[in-house]
Amino acid sequence: MSDTSAKPPLDVTGVHVRMPRIPAAFFGIVLGLAGLTNSWRAAAPIWNLPPQIGEAIGIVAGVVWLLLILLYAGKWLIDAKAVAVEAQHPVQCCFIGLIGVSTMLIAIVLQPYSHAAALVLFAAGAIFTLVFALWRTGILWRGDRDPAATTAVLYLPTVAGSFVMAIAVSAFGSPDWGQLAFGAGFFSWLAIESVLLNRLYNAQPLAEPLRPTLGIQLAPPAVGCVAYLSVTTGTPDMLAHAMLGYAILQLLLMLRLLPWIRRQPFAASYWAFTFGVTALSTAASKMVTRSDPSGALHILAPILFVVANVVVGAIAIGTALLLVQGKLLPRPAPTPT
């Protein structure tokens, strides 16, 4: 009797399907790469760096985004049940919101080259982000949730979506709409932060596979600072400095907790650190260009820029190694005979 256990699952037509079932969390890779593109765009004029490097990273981000969009759409067509299960999962569900967020970020990357195409992408990403945020938050407000499932992924639908929407809509010349989006993200961040910290202080420790999600904790103040700078003009005020300072505190806490987090072996989940650390660098560089030529920011900005490149570069290399070893993509569940 031949062994058929290694064969891929069958679709409804009986044809073997080899398309990998990627989780929505993989769109976090796009956030890190697009975030690094924006970091280079903000830093290159300050220190006379070659802008081609940042644009090349942007191309990679666009290619990865397109590949993930196609794979996730294929997953939806081939295995809609798996998508439904993911959408109902108390943790994985929130990563679906990254589809819209990553699309808006790619629109920002594309905007200098094709305003019309970027505008279409932005509209699609913004609509998806808003619809998903309302749908998922409406479920969360009903309660009956296990505190152990409360992690930093709760920031993704409303906080990350609103802040990136503020950045994107400002890039298209409508900072007044961006201010509304910033307000939605800012107050959602403050509300969710209190819930998350209460869980971290008082409930059981995060399970090891969930610990890399703490990297998302860095994103709200850092991305929020970029959003605030995008919808305002002139010398950065006290609120911008305060948000940047809180983001730096979160970065130091991540370093403090890194040995505890690394009990979870390296996986694609470590991309959760990249969006926040690149946004922190972007915010610092933008504040340098709009402030006096002295002070703390001119010391911190180059350090944060180097940190952002090292973090994204190291995680990208680790991800490539996992892909080569065949350990990056989750294996599909065996199909019962």
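**View 1. D144 in the loop between α5 and α6 of the predicted model.** The loop that holds D144 runs between helix α5 (residues 115-140) and helix α6 (residues 155-171). D144 is not a glycine, yet its phi is positive, at about 60°. The residue counts as exposed because its relative accessibility is 84%, over the 50% cut-off.

**View 2. N48 in the loop between α1 and α2.** N48, a residue other than glycine, has a positive phi, near 55°. With a relative accessible area of 71%, N48 is exposed.

**View 3. Polar contacts of E193 with two tyrosine side chains.** The side chain of E193 makes a polar contact of 2.5 Å with the side chain of Y155. A polar contact of 2.2 Å links the side chains of E193 and Y246. Apart from neighbours within four places in sequence, the residues in contact with E193 are Y155, Q217 and Y246.

**View 4. A nonpolar surface patch made by L252, L255 and L258.** These three leucines form a patch of about 270 Å². L252, one of the residues of the patch, lies in helix α9, which covers residues 238-261.

Methods:
Residues numbered from 1 in each chain as written. Predicted model: local features only at pLDDT ≥ 70, side-chain atom pairs only at ≥ 80, totals over all residues. Heavy atoms only, no water. Polar contact = N/O pair within 3.5 Å; in protein donor to acceptor, adjacent residues only side chain to side chain. Contact = heavy atoms within 4.5 Å. Patch = residues over 30% accessible without salt bridge, like charges linked within 9 Å, V, L, I, M, F, W, Y side chains within 5 Å. Areas by Shrake-Rupley, 256 points an atom, 1.4 Å probe, with all protein chains shown as cover. Salt bridge = Lys/Arg side-chain N within 4 Å of Asp/Glu carboxyl O. Helix = DSSP H or I, 4+ residues; strand = E, 2+ residues; numbered from the N terminus. Buried < 20%, exposed > 50% of the residue type's maximum accessible area, 1.4 Å probe, protein only.
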